[in-house]
Amino acid sequence: MTPTVSASGLSLRYGGTRALDDVSLRLSTGVTGLLGPNGAGKTTLLRVLATAVPADRGAFTVLGHDPGTSRGRQELRRNLGYLPQTPGFHPDFTAFEFVDYVAILKEHTDRAARHREVRRVLDEAGLGDVRGRRIRKLSGGMRQRVALAAALVGDPAFLVLDEPTVGLDPEQRMRFRELIARAGEGRTVLLSTHQTEDVAMLCHRVVVLAEGTVRFDGTPAELTARAADRVWSSAERDPGAKAGWRTGLGTFRNVGDPPAGADLLEPTLEDGYLLTLDGADTEVTA
Amino acid sequence: MTNGTTGWHVPEADLRAYARAELEPPLLWSADTHLTACAHCRAVLAEAAGPAALDAGWDRLDAELDAPRPGLLESLLLRCGVADHTARLLAATPALRRSWLGAVTAVLLLTAAVTVAHGATGTPTLFLALAPLLPLAGVALSYGPALDPTYEMAVVAPMHGFRLLMIRTVVVLAAGLGLNGLATLALPGYGLRALAWLLPALALTASALALTARLGPVRAPSLVGGGWIALLLSADAARAGDDPLAPFTAAGQGVSAAVALLAAGLLVRLRDRFDLSRGDTA
(Lines give C-alpha, C1' and ligand atoms only; values in the text may rest on other atoms or scores of the structure.)
Protein backbone atom coordinates (compact mmCIF):
# COMPACT_ATOMS: atom_id res chain seq x y z
CA MET A 1 0.00 0.00 0.00
CA THR A 2 1.42 3.42 -0.93
CA PRO A 3 1.85 5.37 2.29
CA THR A 4 -0.13 8.59 2.65
CA VAL A 5 2.75 10.22 4.49
CA SER A 6 6.38 9.40 3.88
CA ALA A 7 8.93 11.22 6.04
CA SER A 8 12.67 10.75 6.05
CA GLY A 9 15.35 12.18 8.30
CA LEU A 10 13.35 15.08 9.74
CA SER A 11 15.44 17.23 12.07
CA LEU A 12 14.74 20.56 13.69
CA ARG A 13 16.49 22.67 16.28
CA TYR A 14 15.00 25.49 18.31
CA GLY A 15 17.99 27.49 19.43
CA GLY A 16 20.14 25.06 21.38
CA THR A 17 17.39 22.45 21.71
CA ARG A 18 17.23 19.52 19.32
CA ALA A 19 13.47 19.16 18.96
CA LEU A 20 13.57 16.50 16.22
CA ASP A 21 16.52 14.31 15.34
CA ASP A 22 16.47 12.22 12.18
CA VAL A 23 12.83 11.16 12.40
CA SER A 24 11.57 8.87 9.66
CA LEU A 25 8.16 7.28 9.40
CA ARG A 26 5.47 6.17 7.00
CA LEU A 27 1.77 6.53 7.65
CA SER A 28 -1.10 4.81 5.89
CA THR A 29 -4.86 4.74 6.26
CA GLY A 30 -6.03 4.38 9.84
CA VAL A 31 -5.18 5.98 13.15
CA THR A 32 -1.53 6.11 14.22
CA GLY A 33 -0.81 7.13 17.78
CA LEU A 34 2.16 9.32 18.64
CA LEU A 35 3.19 8.80 22.25
CA GLY A 36 5.90 10.51 24.19
CA PRO A 37 6.64 12.48 27.35
CA ASN A 38 6.55 16.28 27.54
CA GLY A 39 9.30 17.77 25.43
CA ALA A 40 9.62 14.64 23.30
CA GLY A 41 9.04 16.56 20.08
CA LYS A 42 5.49 15.34 19.37
CA THR A 43 4.04 18.79 18.76
CA THR A 44 7.08 19.77 16.72
CA LEU A 45 6.72 16.70 14.53
CA LEU A 46 3.03 17.38 14.03
CA ARG A 47 3.70 21.01 13.18
CA VAL A 48 6.32 19.98 10.64
CA LEU A 49 3.99 17.43 9.01
CA ALA A 50 1.17 20.00 9.05
CA THR A 51 3.54 22.40 7.24
CA ALA A 52 3.32 24.97 10.02
CA VAL A 53 7.12 25.04 10.40
CA PRO A 54 9.79 23.77 8.05
CA ALA A 55 12.26 21.14 9.18
CA ASP A 56 15.96 22.06 9.14
CA ARG A 57 16.83 18.80 7.42
CA GLY A 58 14.99 15.88 5.90
CA ALA A 59 11.99 15.68 3.65
CA PHE A 60 8.46 14.38 3.60
CA THR A 61 5.54 14.07 1.27
CA VAL A 62 1.82 13.79 1.87
CA LEU A 63 -0.13 12.06 -0.92
CA GLY A 64 2.92 12.66 -3.07
CA HIS A 65 2.90 16.44 -2.47
CA ASP A 66 6.23 17.95 -1.45
CA PRO A 67 5.83 20.96 0.89
CA GLY A 68 9.24 22.23 -0.17
CA THR A 69 7.62 24.17 -2.99
CA SER A 70 4.85 26.72 -2.69
CA ARG A 71 2.56 24.76 -5.02
CA GLY A 72 3.31 21.47 -3.31
CA ARG A 73 2.63 23.04 0.09
CA GLN A 74 -0.68 24.42 -1.11
CA GLU A 75 -1.77 21.05 -2.56
CA LEU A 76 -0.72 19.30 0.62
CA ARG A 77 -2.73 21.74 2.73
CA ARG A 78 -5.81 21.13 0.60
CA ASN A 79 -5.68 17.52 1.82
CA LEU A 80 -4.86 18.39 5.41
CA GLY A 81 -6.93 18.82 8.55
CA TYR A 82 -5.09 20.12 11.60
CA LEU A 83 -6.18 20.36 15.22
CA PRO A 84 -3.43 22.19 17.14
CA GLN A 85 -2.59 21.52 20.75
CA THR A 86 -4.38 24.63 21.96
CA PRO A 87 -6.89 25.60 19.30
CA GLY A 88 -7.76 29.28 19.46
CA PHE A 89 -11.16 30.77 18.79
CA HIS A 90 -12.27 34.29 18.06
CA PRO A 91 -14.11 35.29 21.24
CA ASP A 92 -17.35 36.42 19.60
CA PHE A 93 -17.78 33.64 17.08
CA THR A 94 -20.48 31.03 17.23
CA ALA A 95 -19.57 27.43 16.42
CA PHE A 96 -20.96 27.90 12.91
CA GLU A 97 -19.11 31.19 12.35
CA PHE A 98 -15.79 29.75 13.46
CA VAL A 99 -16.00 26.68 11.22
CA ASP A 100 -17.22 28.93 8.40
CA TYR A 101 -14.15 31.13 8.93
CA VAL A 102 -11.82 28.13 8.73
CA ALA A 103 -13.68 26.92 5.64
CA ILE A 104 -12.90 30.25 3.98
CA LEU A 105 -9.24 29.85 4.87
CA LYS A 106 -9.51 26.46 3.18
CA GLU A 107 -10.65 28.27 0.03
CA HIS A 108 -14.34 27.35 0.17
CA THR A 109 -15.51 30.57 -1.41
CA ASP A 110 -18.98 29.59 -2.65
CA ARG A 111 -21.26 30.63 0.18
CA ALA A 112 -24.03 28.04 -0.24
CA ALA A 113 -21.65 25.11 -0.71
CA ARG A 114 -19.48 26.32 2.15
CA HIS A 115 -22.42 26.54 4.54
CA ARG A 116 -23.55 23.04 3.56
CA GLU A 117 -20.04 21.78 4.33
CA VAL A 118 -19.98 23.62 7.65
CA ARG A 119 -23.26 22.08 8.68
CA ARG A 120 -22.06 18.65 7.57
CA VAL A 121 -18.93 18.73 9.70
CA LEU A 122 -20.73 20.21 12.70
CA ASP A 123 -23.32 17.43 12.47
CA GLU A 124 -20.53 14.87 12.12
CA ALA A 125 -18.95 16.25 15.29
CA GLY A 126 -22.27 15.98 17.13
CA LEU A 127 -22.71 19.75 17.34
CA GLY A 128 -25.82 20.12 15.19
CA ASP A 129 -27.84 21.51 18.10
CA VAL A 130 -25.31 24.15 19.15
CA ARG A 131 -24.33 25.60 15.79
CA GLY A 132 -25.55 29.04 16.74
CA ARG A 133 -24.11 29.09 20.25
CA ARG A 134 -21.14 31.31 21.04
CA ILE A 135 -17.99 29.25 21.51
CA ARG A 136 -17.19 30.93 24.82
CA LYS A 137 -20.43 29.43 26.17
CA LEU A 138 -19.51 25.89 25.16
CA SER A 139 -17.86 23.37 27.45
CA GLY A 140 -14.23 22.38 26.93
CA GLY A 141 -15.24 19.13 25.29
CA MET A 142 -17.58 20.88 22.87
CA ARG A 143 -14.89 23.41 21.98
CA GLN A 144 -12.55 20.58 21.10
CA ARG A 145 -15.29 19.15 18.90
CA VAL A 146 -15.70 22.52 17.19
CA ALA A 147 -11.98 22.52 16.49
CA LEU A 148 -12.21 18.96 15.15
CA ALA A 149 -15.13 19.95 12.95
CA ALA A 150 -13.01 22.76 11.53
CA ALA A 151 -10.23 20.29 10.83
CA LEU A 152 -12.68 18.03 8.97
CA VAL A 153 -13.80 20.76 6.56
CA GLY A 154 -13.07 19.67 3.02
CA ASP A 155 -12.93 15.97 3.99
CA PRO A 156 -9.12 15.93 4.21
CA ALA A 157 -7.23 12.71 3.55
CA PHE A 158 -4.67 13.44 6.27
CA LEU A 159 -5.73 14.50 9.74
CA VAL A 160 -3.24 15.72 12.35
CA LEU A 161 -4.57 15.89 15.90
CA ASP A 162 -2.37 17.27 18.66
CA GLU A 163 -3.49 15.96 22.07
CA PRO A 164 -7.19 16.43 21.36
CA THR A 165 -8.36 14.69 24.55
CA VAL A 166 -6.25 16.62 27.06
CA GLY A 167 -8.32 18.28 29.75
CA LEU A 168 -11.46 16.33 28.88
CA ASP A 169 -13.35 14.37 31.48
CA PRO A 170 -13.74 10.60 30.92
CA GLU A 171 -17.14 10.89 29.27
CA GLN A 172 -15.98 13.66 26.95
CA ARG A 173 -12.88 11.64 26.16
CA MET A 174 -14.99 8.63 25.20
CA ARG A 175 -17.14 10.76 22.90
CA PHE A 176 -14.07 12.26 21.33
CA ARG A 177 -12.62 8.81 20.76
CA GLU A 178 -15.79 7.87 18.89
CA LEU A 179 -15.30 10.88 16.63
CA ILE A 180 -11.65 10.09 16.03
CA ALA A 181 -12.44 6.46 15.28
CA ARG A 182 -15.03 7.52 12.70
CA ALA A 183 -12.66 10.12 11.29
CA GLY A 184 -10.03 7.42 10.84
CA GLU A 185 -12.22 5.34 8.55
CA GLY A 186 -10.75 5.75 5.09
CA ARG A 187 -8.45 8.53 6.24
CA THR A 188 -4.91 8.77 7.62
CA VAL A 189 -4.93 10.14 11.15
CA LEU A 190 -1.88 11.00 13.24
CA LEU A 191 -2.94 11.36 16.85
CA SER A 192 -0.56 12.77 19.42
CA THR A 193 -1.48 11.89 22.96
CA HIS A 194 -0.19 11.35 26.48
CA GLN A 195 -2.93 8.85 27.12
CA THR A 196 -1.96 5.26 26.41
CA GLU A 197 -5.66 4.40 26.67
CA ASP A 198 -6.31 6.54 23.57
CA VAL A 199 -3.72 4.53 21.69
CA ALA A 200 -4.93 1.20 22.99
CA MET A 201 -8.52 1.94 21.99
CA LEU A 202 -8.02 3.74 18.69
CA CYS A 203 -4.73 3.01 17.00
CA HIS A 204 -3.62 0.24 14.71
CA ARG A 205 -0.08 1.57 14.97
CA VAL A 206 1.94 3.54 17.52
CA VAL A 207 5.12 5.60 17.34
CA VAL A 208 6.95 6.46 20.55
CA LEU A 209 8.99 9.63 20.45
CA ALA A 210 11.46 10.76 23.12
CA GLU A 211 14.08 13.50 23.01
CA GLY A 212 13.28 14.07 19.36
CA THR A 213 13.98 10.53 18.20
CA VAL A 214 11.78 7.57 17.35
CA ARG A 215 12.09 4.90 20.06
CA PHE A 216 9.42 2.55 18.74
CA ASP A 217 7.34 2.17 15.60
CA GLY A 218 4.95 -0.77 15.42
CA THR A 219 1.60 -2.07 16.56
CA PRO A 220 0.18 -1.57 20.05
CA ALA A 221 0.45 -5.35 20.56
CA GLU A 222 4.17 -5.22 19.77
CA LEU A 223 4.68 -2.33 22.18
CA THR A 224 2.80 -4.22 24.88
CA ALA A 225 4.88 -7.33 24.15
CA ARG A 226 8.02 -5.40 25.13
CA ALA A 227 6.78 -5.67 28.69
CA ALA A 228 6.08 -9.41 28.52
CA ASP A 229 7.45 -11.12 31.63
CA ARG A 230 8.63 -7.77 32.93
CA VAL A 231 5.67 -6.77 35.05
CA TRP A 232 5.14 -8.28 38.47
CA SER A 233 3.26 -7.79 41.69
CA SER A 234 4.79 -7.48 45.17
CA ALA A 235 3.66 -6.73 48.66
CA GLU A 236 6.24 -3.99 49.13
CA ARG A 237 7.84 -1.50 46.79
CA ASP A 238 10.60 -3.31 44.81
CA PRO A 239 13.71 -1.11 44.73
CA GLY A 240 14.95 -2.94 41.65
CA ALA A 241 11.95 -1.93 39.54
CA LYS A 242 12.28 0.81 36.94
CA ALA A 243 8.76 1.95 37.83
CA GLY A 244 6.48 0.90 40.62
CA TRP A 245 3.30 2.09 42.26
CA ARG A 246 0.76 0.98 44.81
CA THR A 247 -2.43 -0.25 43.22
CA GLY A 248 -5.94 0.12 44.57
CA LEU A 249 -5.66 -3.44 45.91
CA GLY A 250 -2.81 -2.44 48.18
CA THR A 251 -0.14 -4.40 46.34
CA PHE A 252 2.64 -2.88 44.24
CA ARG A 253 2.78 -3.13 40.48
CA ASN A 254 6.38 -3.14 39.26
CA VAL A 255 7.81 -2.74 35.80
CA GLY A 256 11.39 -3.66 34.98
CA ASP A 257 13.56 -6.74 35.48
CA PRO A 258 11.67 -9.06 37.86
CA PRO A 259 13.46 -11.07 40.51
CA ALA A 260 13.38 -14.84 40.29
CA GLY A 261 10.04 -16.27 41.30
CA ALA A 262 8.22 -12.97 40.95
CA ASP A 263 4.46 -13.02 40.59
CA LEU A 264 4.23 -11.97 36.95
CA LEU A 265 1.34 -9.88 35.66
CA GLU A 266 -0.20 -9.41 32.23
CA PRO A 267 1.48 -6.35 30.71
CA THR A 268 -0.40 -3.37 29.38
CA LEU A 269 0.45 -0.93 26.64
CA GLU A 270 1.49 1.55 29.30
CA ASP A 271 4.04 -0.91 30.68
CA GLY A 272 5.58 -1.38 27.24
CA TYR A 273 5.62 2.39 26.78
CA LEU A 274 7.38 2.95 30.12
CA LEU A 275 10.04 0.38 29.30
CA THR A 276 10.58 1.91 25.88
CA LEU A 277 11.14 5.29 27.49
CA ASP A 278 13.50 3.78 30.04
CA GLY A 279 16.52 5.03 28.15
CA ALA A 280 15.08 8.58 28.24
CA ASP A 281 15.45 8.96 32.05
CA THR A 282 11.77 8.91 32.84
CA GLU A 283 11.76 6.73 35.98
CA VAL A 284 8.33 6.74 37.58
CA THR A 285 7.69 5.93 41.22
CA ALA A 286 4.61 6.44 43.37
CA MET B 1 -49.56 37.28 0.35
CA THR B 2 -51.08 37.29 3.80
CA ASN B 3 -49.54 37.33 7.28
CA GLY B 4 -50.26 34.52 9.75
CA THR B 5 -50.69 36.83 12.70
CA THR B 6 -53.28 39.12 11.05
CA GLY B 7 -55.04 36.65 8.70
CA TRP B 8 -52.45 36.83 5.93
CA HIS B 9 -51.13 33.62 4.40
CA VAL B 10 -48.78 32.70 1.58
CA PRO B 11 -50.81 31.79 -1.54
CA GLU B 12 -50.81 28.08 -2.23
CA ALA B 13 -49.21 28.59 -5.66
CA ASP B 14 -46.29 30.34 -3.99
CA LEU B 15 -46.02 27.56 -1.43
CA ARG B 16 -45.82 24.97 -4.22
CA ALA B 17 -43.12 27.02 -5.90
CA TYR B 18 -41.37 27.29 -2.54
CA ALA B 19 -41.49 23.50 -2.15
CA ARG B 20 -39.89 23.11 -5.59
CA ALA B 21 -37.19 25.69 -4.63
CA GLU B 22 -38.46 27.86 -7.48
CA LEU B 23 -39.67 30.85 -5.48
CA GLU B 24 -37.48 33.90 -6.12
CA PRO B 25 -36.55 36.81 -3.84
CA PRO B 26 -38.14 38.94 -2.45
CA LEU B 27 -41.16 36.56 -2.30
CA LEU B 28 -38.77 33.87 -1.10
CA TRP B 29 -37.58 35.97 1.84
CA SER B 30 -41.15 36.84 2.77
CA ALA B 31 -42.14 33.17 2.65
CA ASP B 32 -39.11 32.19 4.77
CA THR B 33 -40.04 34.69 7.46
CA HIS B 34 -43.77 33.90 7.35
CA LEU B 35 -43.32 30.12 7.58
CA THR B 36 -41.36 30.35 10.80
CA ALA B 37 -44.40 31.98 12.43
CA CYS B 38 -47.38 30.38 10.68
CA ALA B 39 -48.36 26.78 11.48
CA HIS B 40 -51.19 26.92 8.95
CA CYS B 41 -48.86 27.66 6.04
CA ARG B 42 -46.41 25.05 7.22
CA ALA B 43 -49.22 22.49 7.13
CA VAL B 44 -50.20 23.57 3.61
CA LEU B 45 -46.55 23.37 2.58
CA ALA B 46 -46.29 19.85 4.00
CA GLU B 47 -49.26 18.75 1.87
CA ALA B 48 -47.98 20.52 -1.23
CA ALA B 49 -44.49 19.12 -1.01
CA GLY B 50 -43.32 15.55 -0.93
CA PRO B 51 -41.29 14.52 2.14
CA ALA B 52 -37.97 14.87 0.34
CA ALA B 53 -38.78 18.32 -1.00
CA LEU B 54 -40.07 19.39 2.39
CA ASP B 55 -36.92 18.21 4.12
CA ALA B 56 -34.85 20.04 1.52
CA GLY B 57 -36.86 23.16 2.18
CA TRP B 58 -36.36 22.97 5.93
CA ASP B 59 -32.67 22.30 5.35
CA ARG B 60 -32.45 25.42 3.25
CA LEU B 61 -34.29 27.43 5.87
CA ASP B 62 -32.04 26.02 8.58
CA ALA B 63 -29.05 26.97 6.49
CA GLU B 64 -30.26 30.54 6.19
CA LEU B 65 -30.91 30.74 9.92
CA ASP B 66 -27.46 29.31 10.66
CA ALA B 67 -25.69 31.64 8.28
CA PRO B 68 -23.64 34.19 10.19
CA ARG B 69 -25.25 37.61 10.43
CA PRO B 70 -22.77 40.21 9.21
CA GLY B 71 -21.72 42.79 11.76
CA LEU B 72 -21.28 46.50 11.11
CA LEU B 73 -17.86 46.25 9.50
CA GLU B 74 -18.77 43.21 7.43
CA SER B 75 -21.98 44.84 6.20
CA LEU B 76 -20.03 47.94 5.23
CA LEU B 77 -17.52 45.86 3.30
CA LEU B 78 -20.30 43.93 1.54
CA ARG B 79 -21.94 47.21 0.51
CA CYS B 80 -18.59 48.31 -0.94
CA GLY B 81 -18.65 45.25 -3.18
CA VAL B 82 -16.18 43.11 -1.21
CA ALA B 83 -16.84 39.39 -1.70
CA ASP B 84 -18.63 37.81 1.24
CA HIS B 85 -15.81 35.37 2.02
CA THR B 86 -13.25 38.20 2.06
CA ALA B 87 -15.51 40.31 4.28
CA ARG B 88 -15.85 37.38 6.66
CA LEU B 89 -12.04 37.05 6.90
CA LEU B 90 -11.67 40.73 7.61
CA ALA B 91 -14.37 40.68 10.27
CA ALA B 92 -12.07 38.44 12.32
CA THR B 93 -9.09 40.81 12.09
CA PRO B 94 -8.09 41.85 15.61
CA ALA B 95 -7.20 45.42 14.66
CA LEU B 96 -10.63 45.99 13.14
CA ARG B 97 -12.44 45.38 16.40
CA ARG B 98 -14.27 48.26 17.98
CA SER B 99 -12.05 48.17 21.06
CA TRP B 100 -8.89 48.76 19.06
CA LEU B 101 -10.40 51.36 16.74
CA GLY B 102 -11.87 53.12 19.74
CA ALA B 103 -8.50 53.24 21.45
CA VAL B 104 -6.83 54.63 18.34
CA THR B 105 -9.53 57.27 18.00
CA ALA B 106 -9.09 58.29 21.62
CA VAL B 107 -5.32 58.63 21.26
CA LEU B 108 -5.67 60.68 18.09
CA LEU B 109 -8.27 62.99 19.63
CA LEU B 110 -6.11 63.53 22.69
CA THR B 111 -3.05 64.25 20.60
CA ALA B 112 -4.94 66.61 18.32
CA ALA B 113 -6.40 68.39 21.36
CA VAL B 114 -2.94 68.89 22.90
CA THR B 115 -1.61 70.14 19.56
CA VAL B 116 -4.47 72.60 19.11
CA ALA B 117 -4.00 73.83 22.67
CA HIS B 118 -0.41 74.76 21.83
CA GLY B 119 -1.56 76.98 18.97
CA ALA B 120 -1.05 76.60 15.20
CA THR B 121 2.60 77.61 14.89
CA GLY B 122 5.40 75.72 13.13
CA THR B 123 4.56 72.07 12.69
CA PRO B 124 2.31 69.87 14.85
CA THR B 125 5.29 67.78 15.93
CA LEU B 126 3.61 65.64 18.60
CA PHE B 127 0.78 64.70 16.26
CA LEU B 128 3.13 64.01 13.33
CA ALA B 129 5.38 61.88 15.56
CA LEU B 130 2.54 59.76 16.91
CA ALA B 131 0.28 59.41 13.88
CA PRO B 132 2.54 57.06 11.85
CA LEU B 133 2.86 54.68 14.81
CA LEU B 134 -0.85 53.96 15.02
CA PRO B 135 -1.33 52.33 11.59
CA LEU B 136 1.96 50.49 12.20
CA ALA B 137 0.60 49.08 15.44
CA GLY B 138 -2.71 48.19 13.80
CA VAL B 139 -1.07 46.25 10.99
CA ALA B 140 1.34 44.58 13.41
CA LEU B 141 -1.60 43.40 15.50
CA SER B 142 -3.33 41.94 12.46
CA TYR B 143 -0.73 39.30 11.90
CA GLY B 144 0.89 36.73 14.06
CA PRO B 145 -0.09 34.72 17.10
CA ALA B 146 -0.13 37.58 19.60
CA LEU B 147 -3.71 38.66 18.96
CA ASP B 148 -4.94 36.22 16.32
CA PRO B 149 -6.10 33.10 18.19
CA THR B 150 -6.56 31.22 14.92
CA TYR B 151 -3.02 31.96 13.70
CA GLU B 152 -1.91 28.33 13.81
CA MET B 153 -4.90 27.20 11.77
CA ALA B 154 -4.44 30.02 9.27
CA VAL B 155 -0.77 29.12 8.72
CA VAL B 156 -1.59 25.56 7.61
CA ALA B 157 -4.59 26.54 5.48
CA PRO B 158 -4.31 26.45 1.68
CA MET B 159 -4.82 30.21 1.45
CA HIS B 160 -1.35 31.68 1.00
CA GLY B 161 -0.25 33.49 4.15
CA PHE B 162 0.85 36.51 2.17
CA ARG B 163 -2.60 36.89 0.63
CA LEU B 164 -4.27 36.84 4.04
CA LEU B 165 -1.71 39.32 5.33
CA MET B 166 -2.27 41.70 2.41
CA ILE B 167 -6.06 41.52 2.65
CA ARG B 168 -5.88 42.45 6.32
CA THR B 169 -3.13 45.03 5.85
CA VAL B 170 -4.97 46.95 3.15
CA VAL B 171 -8.14 47.26 5.20
CA VAL B 172 -6.43 47.92 8.52
CA LEU B 173 -4.16 50.49 6.91
CA ALA B 174 -7.13 52.14 5.23
CA ALA B 175 -8.94 52.31 8.57
CA GLY B 176 -5.85 53.61 10.36
CA LEU B 177 -5.04 56.18 7.73
CA GLY B 178 -8.68 57.19 7.62
CA LEU B 179 -8.77 57.86 11.34
CA ASN B 180 -5.50 59.77 11.09
CA GLY B 181 -6.97 61.77 8.23
CA LEU B 182 -10.04 62.66 10.25
CA ALA B 183 -7.86 63.77 13.15
CA THR B 184 -5.90 65.92 10.73
CA LEU B 185 -9.10 67.83 9.97
CA ALA B 186 -8.98 69.01 13.58
CA LEU B 187 -5.74 70.83 12.75
CA PRO B 188 -6.74 73.20 9.94
CA GLY B 189 -4.37 75.86 11.17
CA TYR B 190 -1.36 73.82 10.02
CA GLY B 191 -2.54 73.37 6.47
CA LEU B 192 -0.80 70.64 4.50
CA ARG B 193 1.95 70.39 7.12
CA ALA B 194 -0.50 68.38 9.21
CA LEU B 195 -0.44 65.63 6.55
CA ALA B 196 3.28 65.03 6.84
CA TRP B 197 2.58 61.80 8.82
CA LEU B 198 1.25 59.98 5.74
CA LEU B 199 4.47 58.98 3.96
CA PRO B 200 6.25 58.05 7.21
CA ALA B 201 3.21 55.91 8.12
CA LEU B 202 3.49 54.02 4.83
CA ALA B 203 7.25 53.69 5.20
CA LEU B 204 7.03 52.37 8.77
CA THR B 205 4.29 49.89 7.91
CA ALA B 206 5.97 48.54 4.78
CA SER B 207 9.32 48.27 6.58
CA ALA B 208 7.81 46.44 9.52
CA LEU B 209 6.06 43.96 7.25
CA ALA B 210 9.22 43.35 5.22
CA LEU B 211 11.26 42.81 8.39
CA THR B 212 8.57 40.53 9.82
CA ALA B 213 9.61 37.91 7.28
CA ARG B 214 13.00 37.77 9.02
CA LEU B 215 12.41 38.91 12.58
CA GLY B 216 8.85 37.84 13.33
CA PRO B 217 5.61 39.72 14.00
CA VAL B 218 6.68 41.16 17.36
CA ARG B 219 10.32 42.12 16.94
CA ALA B 220 9.95 43.69 13.51
CA PRO B 221 7.32 46.34 14.31
CA SER B 222 8.92 46.95 17.71
CA LEU B 223 12.26 47.60 16.02
CA VAL B 224 10.71 49.86 13.40
CA GLY B 225 8.63 51.78 15.96
CA GLY B 226 11.64 52.18 18.21
CA GLY B 227 13.75 53.27 15.25
CA TRP B 228 11.19 55.96 14.37
CA ILE B 229 11.23 57.37 17.89
CA ALA B 230 15.03 57.31 17.96
CA LEU B 231 15.12 59.10 14.61
CA LEU B 232 12.78 61.81 15.86
CA LEU B 233 14.80 62.31 19.05
CA SER B 234 18.04 62.66 17.14
CA ALA B 235 16.38 64.96 14.62
CA ASP B 236 15.12 67.08 17.52
CA ALA B 237 18.62 67.28 18.99
CA ALA B 238 20.07 68.27 15.62
CA ARG B 239 17.58 70.90 14.52
CA ALA B 240 18.05 74.59 14.83
CA GLY B 241 15.40 76.51 16.75
CA ASP B 242 11.81 75.72 15.74
CA ASP B 243 12.61 74.27 12.31
CA PRO B 244 10.50 71.26 11.44
CA LEU B 245 12.07 67.91 12.31
CA ALA B 246 14.00 66.39 9.42
CA PRO B 247 11.45 63.63 8.65
CA PHE B 248 8.77 66.30 8.11
CA THR B 249 10.75 68.43 5.69
CA ALA B 250 10.45 68.00 1.92
CA ALA B 251 13.67 65.97 1.84
CA GLY B 252 12.50 63.86 4.74
CA GLN B 253 9.21 63.16 3.01
CA GLY B 254 11.14 62.09 -0.08
CA VAL B 255 13.17 59.66 2.00
CA SER B 256 9.96 58.26 3.51
CA ALA B 257 8.51 57.73 0.05
CA ALA B 258 11.66 55.95 -1.12
CA VAL B 259 11.75 53.73 1.97
CA ALA B 260 8.08 52.84 1.50
CA LEU B 261 8.67 51.80 -2.11
CA LEU B 262 11.82 49.81 -1.37
CA ALA B 263 10.21 48.04 1.58
CA ALA B 264 7.13 47.20 -0.49
CA GLY B 265 9.35 45.69 -3.17
CA LEU B 266 11.25 43.66 -0.61
CA LEU B 267 8.00 42.50 0.93
CA VAL B 268 6.79 41.13 -2.39
CA ARG B 269 10.09 39.29 -2.88
CA LEU B 270 9.81 37.70 0.55
CA ARG B 271 6.13 36.80 0.25
CA ASP B 272 6.67 33.03 0.46
CA ARG B 273 8.08 33.40 3.97
CA PHE B 274 4.62 34.41 5.17
CA ASP B 275 3.29 31.01 4.16
CA LEU B 276 5.03 29.41 7.13
CA SER B 277 5.04 30.07 10.83
CA ARG B 278 8.35 31.42 11.98
CA GLY B 279 8.18 28.94 14.81
CA ASP B 280 7.77 31.81 17.24
CA THR B 281 4.90 29.93 18.81
CA ALA B 282 6.92 26.72 19.40
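Reader: Which residue in β2(A) does L10(A) stand opposite?

Author: This is a predicted model, and in it L10(A) stands opposite V23(A), which lies in β2(A).

Reader: And how many bridges do β1 and β2 of chain A share, and in what sense do they pair?

Author: Strand β1(A), residues 5-14, pairs with β2(A) in the antiparallel sense, and the pairing runs over seven bridges.

Reader: What sheet do they belong to, and in which order do the strands come?

Author: They belong to an open sheet of three strands in chain A, ordered β2-β1-β4, with antiparallel pairing. The edges are formed by β2(A), residues 17-27, and β4(A), residues 57-62, each of which pairs on one side only. From one strand to the next, the twist averages 20°.

Reader: Stepping back, what does chain A look like overall, in helices and strands?

Author: Chain A holds nine helices and 14 strands. Its radius of gyration is 21 Å, close to the 19 Å that the globule rule gives for 286 residues, so chain A is as compact as a globular protein of that length. Its C-alpha trace spans about 70 × 40 × 40 Å along the principal axes.

Reader: What share of chain A is buried?

Author: Buried residues account for 50% of the 286 residues in chain A. In helix α9(A), residues 269-277, nine of the nine residues are buried, including E270(A), D271(A) and Y273(A).

Reader: Switching to chain B, at what angle do α6 and α11 pack?

Author: Helix α6(B), residues 84-91, and helix α11(B), residues 161-184, pack at an angle of about 75°, with their axes 10 Å apart. That angle makes α6(B) roughly perpendicular to α11(B).

Reader: Which residues meet there?

Author: From α6(B) come T86(B), L89(B) and L90(B), which meet L164(B), I167(B), R168(B) and V171(B) of α11(B). By class, the residues of this contact are five nonpolar, one polar and one charged.

Reader: Last topic, the contact between the two chains: how many residues does each one bring?

Author: Chain B brings 25 residues to the contact and chain A brings 35. On the side of chain B that touches chain A, at least two residues each are supplied by α4 (51-66), α6 and α10 (151-155) of chain B. That side of chain B has 15 nonpolar, four polar and six charged residues.

How values were computed. Residues are numbered from 1 along each chain as its sequence is written. Chains are lettered from A and ligands numbered from 1 in the order in which they are written. This is a predicted model: local features need pLDDT of at least 70, side-chain atom pairs count only at pLDDT 80 or more; totals for chains, interfaces and linings use all residues. Axes are lines fitted to C-alpha atoms, for helices over the stretch in contact, and angles run from 0 to 180 degrees between N-to-C directions. Helices (H or I, at least four residues) and strands (E, at least two) are DSSP runs, numbered from the N terminus. Angles under 35 degrees count as roughly parallel, over 145 as roughly antiparallel, 65 to 115 as roughly perpendicular and the rest as oblique. Two residues are in contact if their C-beta atoms, placed from the backbone, lie within 7 Å. Ala, Val, Leu, Ile, Met, Phe, Trp, Tyr, Cys and Pro count as nonpolar, Asp, Glu, Lys and Arg as charged, and the others, Gly among them, as polar. The radius of gyration is taken over C-alpha atoms; the globule rule is 2.2 Å times the number of residues to the power 0.38. A residue is buried if 20 or more other C-beta atoms lie within 10 Å of its own, exposed if 12 or fewer, and partly exposed in between; C-beta atoms are placed from the backbone. Two strands pair if DSSP finds at least two bridges between them.
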